[in-house]
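Below are some notes on the ligand site and the pocket around it. They are set out as numbered points, to be read with the structure in view.

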Amino acid sequence: MKTLLIVYHTMTGGTAQMAQATAAGARAAAGAGDPPAVQVRCLRAGEAGPEDVLAADAYVFATPENLASMAGLMKDFFDRCYYPVLDRLNGRPYAALVCAGSDGQQALRQIERIATGWRLQAAAPGRIICTRAQTPEDILRPKIIEPAQLQACEELGAALAEGLALGIF
Ligand SMILES: Cc1cc2nc3c(=O)[nH]c(=O)nc-3n(C[C@H](O)[C@H](O)[C@H](O)COP(=O)(O)O)c2cc1C
């Protein structure tokens, strides 16, 4: 059985919805077999460690952009995991998701650079979803990601699960 690992951080809920939609799409595509062809694990960044990374076959990294950077707890995940798994993931597929107020490019670039260091291969272009939060009040408000954007996350999860199940990656 193959494993898709989704690691995410969220503060106001947007990235969590993206991660959960990705997981739902992957689980639906993984089929109803017992066990299913693909196991989907969706972990908050603080709960994920090197052993989880090593045990997976594909990855989705999902983070808010905070202060023109990936979120601190997402960075902490990469800081804890980077060297313990270096050179042991080569060629595995990944995708990056960023939830941002209005930009997101810097956080995406950071994840892509780390993935390059890990010699992962991008299974899909990085996706940024903007919540259009700009004022302090909007930034701190719980986020609701639009259905079309969640559907795109579901489709990403499905594509990753199907690729794993079929041995495409
Ligand atoms: C401290 C802080 C800094 C932020 N900095 C940025 C930023 O640099 N660029 C941006 O596009 N959005 C920025 N945002 C907006 C968040 O990315 C946005 O609210 C997003 O929805 C957060 O994801 P979450 O709902 O999963 O927590 C910032 C938010 C906070 C709280």
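1. The shell around the ligand holds 20 residues, and those that come nearest are Thr10, Thr12, Thr15, Glu65 and Ala68. The coordinates are those of a predicted model, and the values below should be read as such.

2. An N or O atom in the side chain of Thr10 is 2.6 Å from an oxygen atom of the ligand. For Thr12, a polar side-chain atom lies 2.6 Å from a ligand oxygen atom.

3. The backbone also takes part: a polar backbone atom of Leu67 is 2.7 Å from a nitrogen atom of the ligand. The ligand taken alone exposes 640 Å², of which the protein buries 83%.

4. Which elements give two or more residues to the shell around the ligand? They are helix 1 (14-30) and strand 4 (93-100). By residue class, the shell divides into 10 polar, seven nonpolar and three charged residues.

5. The ligand takes up the space of the largest pocket. The volume of this pocket is about 290 Å³. It is lined by 17 residues, and Thr12, Pro64, Glu65, Asn66 and Ile139 are the closest to its centre. Helix 1 and strand 4 are the elements that give two or more residues to this lining.

6. How do the residues of the lining of the largest pocket divide into nonpolar, polar and charged? The lining has eight polar, seven nonpolar and two charged residues.

7. Two residues deserve a look in both lists.

Methods. Residues numbered from 1 in each chain as written. Predicted model: local features only at pLDDT ≥ 70, side-chain atom pairs only at ≥ 80, totals over all residues. Heavy atoms only, no water. Near = heavy atom within 4 Å. Polar contact = N/O pair within 3.5 Å; in protein donor to acceptor, adjacent residues only side chain to side chain. Areas by Shrake-Rupley, 256 points an atom, 1.4 Å probe, with all protein chains shown as cover. 1 Å grid on protein atoms, 1.4 Å probe; cavity = no way out; pocket = protein on both sides within 12 Å on 5 of 7 lines; lining within 4 Å. Sits in = over half its atoms within 2 Å of the grid points. Helix = DSSP H or I, 4+ residues; strand = E, 2+ residues; numbered from the N terminus. Nonpolar A, V, L, I, M, F, W, Y, C, P; charged D, E, K, R; others polar. Points joined across faces, edges and corners; volume = space filled by probe spheres on them.
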